[in-house]
Amino acid sequence: FKKVIMEDVNHCFVMNMFYNCDPDGKSDYVKNKFVKSKDKGTPTIRQVEVEEVQCRNIYGSALFIYGLPENEVESIRFINNQFIFGKERINECPDMMDDFELIEDLGFYIQNARDINFEKNIVTGVGKCYFNHKEADNLECCSD
């Protein structure tokens, strides 16, 4: 994604590997968060770049990444973007996950991911950030 403007959005960027949209989406196999064996059916998200995107009046989260424990989301870069959160916020799961524990005023959430890079981003009005991966040190999103 490059040079995109988003206004009045609930959630800007969602990469959820536990989506429940298929007929078996609510089965234990799909929603179980324990490590499984990788096989040819294991989905992969990697090498995504988001650059010069302006997100204005965000009601929910700017970024929600939830990878698989056996196949993490990897190599995602956010470069020179602007994330402006709205005064009115919603408290909902960003995308098709039944058992996500809601976090009020969630701005950024990263679980089961690696090599997630943030360079020269501006973040305004964010509430909480949750990072469960090693490379979250280079995003200072919670100091408005």
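Tutor: Leucine 63 counts as buried, because its relative accessibility is 1%, and buried means under 20% relative accessible area, with exposed over 50% and partly exposed in between (1.4 Å probe, protein chains only). Before we go on, this is a predicted model: local features need pLDDT of at least 70, side-chain atom pairs count only at pLDDT 80 or more, and totals for chains, interfaces and linings use all residues. Residues are numbered from 1 along each chain as its sequence is written, and side-chain values use heavy atoms, with hydrogens and water left out.

Now to the setting. Leucine 63 belongs to strand E5; helices (H or I, at least four residues) and strands (E, at least two) are DSSP runs, numbered from the N terminus. Not counting residues up to four places away in sequence, leucine 63 touches Phe13, Phe78, Gly107, Phe108, Tyr109, Ile110 and Phe118, where contact means heavy atoms within 4.5 Å. Take Phe13 from that list: it is 50 residues from leucine 63 along the chain, yet their C-alpha atoms are separated by 4.8 Å.

Next, the partner strand. E5 pairs with E8 in the parallel sense, over four bridges; two strands pair if DSSP finds at least two bridges between them. E8 itself is mostly covered, with six of its six residues buried.

What about the core? A nonpolar core is a set of buried Ala, Val, Leu, Ile, Met, Phe, Trp, Tyr and Cys residues joined through side-chain atoms within 4.5 Å. The largest one here has 34 residues, and those with the most contacts inside it are Phe13, Phe83 and Phe108. Among the elements that give two or more residues to this core are strand E2 (13–16), strand E5 (63–66) and strand E8 (106–111).

The mean pLDDT of the protein chain is 82, and 83% of its residues reach 70 or more; pLDDT is the predictor's confidence in each residue, from 0 to 100. Over residues 134–138 the pLDDT is below 50, and this stretch has seven contacts in the model beyond near neighbours in sequence. Residues 140–144 also stay under 50, with 13 contacts beyond four places in sequence.
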